[in-house]
Amino acid sequence: MEKKITLSVKDLRKVIGRREIIKGLTFDLREGEVFGFLGPNGAGKTTTIRMLVGLIKPTSGSIHICGSNIAEDFKGALKNLGCIVENPELYPYLSGYNNLLHFARMLDGVGEGRIKEVTALVGLSERIHDKVKTYSLGMRQRLGIAQALLGNPKVLILDEPTNGLDPAGIREMREFIRFLAEQEGLSVLVSSHLLSEIQLLCDRVAIIAKGTIIRTDTVQKLLSNREKMVWRLDPFFKGKEVLGALTGIEEKEDGTLWTEYNEQMTPEWNKQLVEAGVSVLEMNRKMPVLEDLFLELTGGETIE
Amino acid sequence: MNKLVQNEMLKLIAKKRLVVIALIIGVLVILFTYAQYKQVQTQREKLGTSDWRTILQQQIVDTTNRLSSSRISDEWKKQLQISLQQQQYYLDHDINPAEPGAPTFMRIFLENSIDLFIPLMVMVIASDLVSSEHSLGTVKLLLTRPVNRWKVLLSKYITLCLAISLIIAITGFLSYAISGVVFGYKGFGAPILTGFHVTDEGLNTSDVKLLSLWKFLLMDLGLVWFVAIVVGTLSFMLSVLIRSTAAGMGVMLAALISGAILSNMVSSWESAKYFFMVNLRLTDYMKGNAPPIEGMNLSFSMSVLLVWWAAALLVSFMVFTKKDVY
């Protein structure tokens with residue numbers, strides 16, 4: 001059964017001056033899915049997100065959040081939306097609690113009970129009465145999420161949620177976002193310029209460049225057949241000969257050999273190499289780099 | 001709406017702006033009190049140590065004698081009667097006319113702070129009310145709530161008006177409480193002259209009335225409040241239009257100071273009277289000082305300020321509700 005559509009964007013355009021920044025975006029978000037917005041800096045991710053949350057007026061096109069058109073029923077639409085646009089900028093001179101209280105007062109029917117709930121959910125209960133200026137970036141990020149979740153939104157929009165976090169923080173954030181989507185049934189839209197992040201986090205992804213969506217697909221489909229395997233062999237020429245007989249190889253300048261990534265065949269190739277007396281010094285699965293993916297998808301067009 | 005205003009108040013108090021303003025006012029009042037006290041002292045030394053009550057009594061007798069003379073004009077008579085009333089009041093209430101009480105100090109302080117000092121204090125709050133949300137980036141959170149933009153701005157404006165009222169109250173209270181330590185707290189009933197009109201022929205005193213000082217002070221406070229609201233609204237507009245708090249403050253400060261300079265030199269440039277900044281000294285009309293440009297009077301100045309106020313408010317709301325936020 002198809003899940004319910006929570007966020008629907010149709011032919012969204014934005015013209016600033018004479019330049020068309022966003023050239024007709026169309027996509028839908030469904031309940032319980034994490035949707036990635038992938039593109040290089042300057043592709044129009046942030047502009048699009050700002051249109052989705054009502055900070056910028058679209059030149060044309062429509063945005064529906066849970067059935068309410070943002071241009072006609074701003075209150076009704078924004079009721080179901082939680083967001084962090086760029087960094088979670090909160091009032092540094094207020095305590096975490098007062099920040100949450102401040103934003104809770106702007107929502108109907110959100111009381112102290114809910115503030116306690118979200119504080120516990122993001123694990124900030126101990127420091128919630130400290131001033132925000134004493135918080136670490138990770139804590140601010142969590143407070144930002146708590147703020148976004150206050151109104152029990154159906155749609156959560158996060159712009160570069162792992163920006164500036166340390167590896168532990170990134171992992172924590174990723175797990176938390178997956179939890180929100182899977183357990184709480186939220187639709188989460190995440191933007192990023194890092195392919196690896198999107199790959200680990202998202203169910204579906206839209207690739208955006210120069211204000212248009214190049215492709216929307218599930219992560220598996222987009223990345224299948226694009227992953228590579230990197231081999232470092234000794235002795236090199238013998239190894240090259242053996243491996244070359246098994247599959248297509250590509251020789252790189254740094255003395256490695258690249259083949260396609262194939263889960264079934266890799267152990268077999270490895271066995272053959274070892275049997276031929278070649279030491280396998282390194283076997284490494286390599287993600288396609290965003291740039292390569294772009295080159296492939298855009299047919300050689302460069303990213304600005 | 002209540003909750004939104006509560007929010008703005010929470011932020012205003014957390015920023016401790018009002019405390020800073022109260023401190024500045026406190027320090028200035030102490031300075032002026034000392035200056036005034038010094039002046040009174042030198043005056044006393046000049047006059048010698050003789051009892052001021054005897055002198056005052058003698059003056060009253062003199063004035064009464066002159067009044068009984070039939071040769072003086074009616075107008076002069078009226079003036080004499082007024083000064084007689086004043087002198088009698090001072091004597092009855094044991095106030096030395098050469099030494100001001102706290103209420104008089106408060107009046108002088110208000111009259112001198114209306115065109116620069118109070119507007120400056122108001123600016124401290126008004127100029128970053130909106131622009132600070134931009135510089136902190138919190139405007140993105142503020143405007144992505146299910147609350148219409150005009151309501152967000154209105155809550156800020158209401159907060160501004162409340163803060164301005166509070167500043168005026170603090171000014172009144174501190175100038176009274178601090179100066180009273182030195183000059184005494186009496187003198188609210190002291191009579192003061194008002195109702196002068198400046199006409200082409202000169203000062204017209206036909207409508208001159210004797211008012212109790214407390215009534216006069218209430219009027220002064222009202223006028224100061226009105227000026228503060230207008231200046232506050234203009235800074236508020238700049239805060240909406242210009243994202244940098246410093247730039248907004250600079251523009252407003254330049255306008256205020258140019259107003260102070262212009263008032264001294266524009267008497268021949270008549271259309272300058274439509275600038276808001278030459279119309280700020282409303283309390284001068286109460287005392288009968290000549291206006292900077294001919295043809296200006298209290299109702300004219302108030303109308304000019306009212307037009308500026310309305311325009312600033314309109315522009316603020318139009319821009320804030322329409323503008324794209326990056």
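User: Where does B:Val5 lie?
Analyst: In this predicted model, B:Val5 lies in helix α1 of chain B, the helix that runs over residues 2–14.

User: Is B:Val5 buried or exposed, and why?
Analyst: B:Val5 counts as buried because its relative accessible area is 12%, and the cut-off for buried is under 20%.

User: Which residues does B:Val5 touch?
Analyst: Leaving aside residues up to four places away in sequence, B:Val5 touches B:Ser155, B:Ile158, B:Thr159 and B:Leu162.

User: How many residues apart in sequence are B:Val5 and B:Leu162?
Analyst: B:Val5 and B:Leu162 are 157 residues apart in sequence, while in space they are 9.8 Å apart, taken from C-alpha to C-alpha.

User: What about chain B as a whole, what is it built from?
Analyst: Chain B has 13 helices and four strands, and of its 326 residues 48% are buried. If one takes the contacts in chain B between residues at least 6 apart in sequence, 77% of them join residues at least 24 apart.

User: Let's take one of those helices, α13 of chain B. How many residues does it have, and what does it reach?
Analyst: Helix α13 of chain B covers residues 298–322, which is 25 residues, and from its first C-alpha to its last it reaches 36 Å, close to the 36 Å expected at 1.5 Å a residue.

User: Which residues in α13(B) are buried, and what covers them?
Analyst: The buried ones include B:Phe300, B:Val304, B:Leu305, B:Leu313, B:Phe317 and B:Phe320, and B:Ser301 and B:Ser316 are buried as well. Their cover includes three other helices of chain B, namely α9 (149–183), α10 (213–241) and α12 (283–287).

User: Changing topic to nonpolar cores, how many residues are in the largest one?
Analyst: The largest nonpolar core has 168 residues, and those with the most contacts inside it are A:Leu7, A:Phe27, A:Leu150, A:Ile157, A:Val188, A:Leu189 and B:Phe276. The largest share of this core comes from α10(B), which supplies 17 residues. Apart from it lies another core, of 10 residues, with A:Leu233, A:Phe236, A:Trp269 and A:Val278 among them.

User: Which residues does A:Leu189 touch?
Analyst: Not counting residues up to four places away in sequence, A:Leu189 touches a set that includes A:Leu7, A:Phe27, A:Phe35, A:Phe37, A:Ile49 and A:Ile157.

User: And chain A overall, what does its secondary structure come to?
Analyst: Chain A has 11 helices and 14 strands, and its C-alpha trace spans about 70 × 50 × 40 Å along its principal axes. Buried residues make up 49% of its 304 residues, and among contacts between residues at least 6 apart in sequence, 68% join residues at least 24 apart.

User: Now cavities. How many does a search of the whole structure find?
Analyst: The search finds six cavities of 30 Å³ or more, and the largest cavity has a volume of about 70 Å³.

User: Which residues line the largest cavity?
Analyst: Its lining includes A:Leu78, A:Lys79, A:Leu107 and A:Gln147 from chain A, together with B:Thr144, B:Arg145 and B:Pro146 from chain B. In chain A, β6 (81–84) and α5 (137–149) each supply at least two residues of that lining, and by class the lining has five nonpolar, four polar and two charged residues.

User: What is the phi of A:Asn152?
Analyst: A:Asn152 has a positive phi of about 50 degrees although it is not a glycine, and A:Asn152 is found in the loop between α5 and β7 (155–159) of chain A. With a relative accessibility of 47%, A:Asn152 counts as partly exposed.

User: Last one, which residues does a cis peptide bond join?
Analyst: A cis peptide bond joins A:Asp234 and A:Pro235, with omega about 0 degrees. A:Pro235 lies in the loop between β11 (228–234) and α9 (236–246) of chain A.

Notes:
Residues numbered from 1 in each chain as written. Chains lettered and ligands numbered in written order. Predicted model: local features only at pLDDT ≥ 70, side-chain atom pairs only at ≥ 80, totals over all residues. Heavy atoms only, no water. Expected span 1.5 Å × (residues − 1). Buried < 20%, exposed > 50% of the residue type's maximum accessible area, 1.4 Å probe, protein only. Contact = heavy atoms within 4.5 Å. 1 Å grid on protein atoms, 1.4 Å probe; cavity = no way out; pocket = protein on both sides within 12 Å on 5 of 7 lines; lining within 4 Å. Points joined across faces, edges and corners; volume = space filled by probe spheres on them. Nonpolar A, V, L, I, M, F, W, Y, C, P; charged D, E, K, R; others polar. Core = buried A, V, L, I, M, F, W, Y, C linked by side-chain atoms within 4.5 Å.
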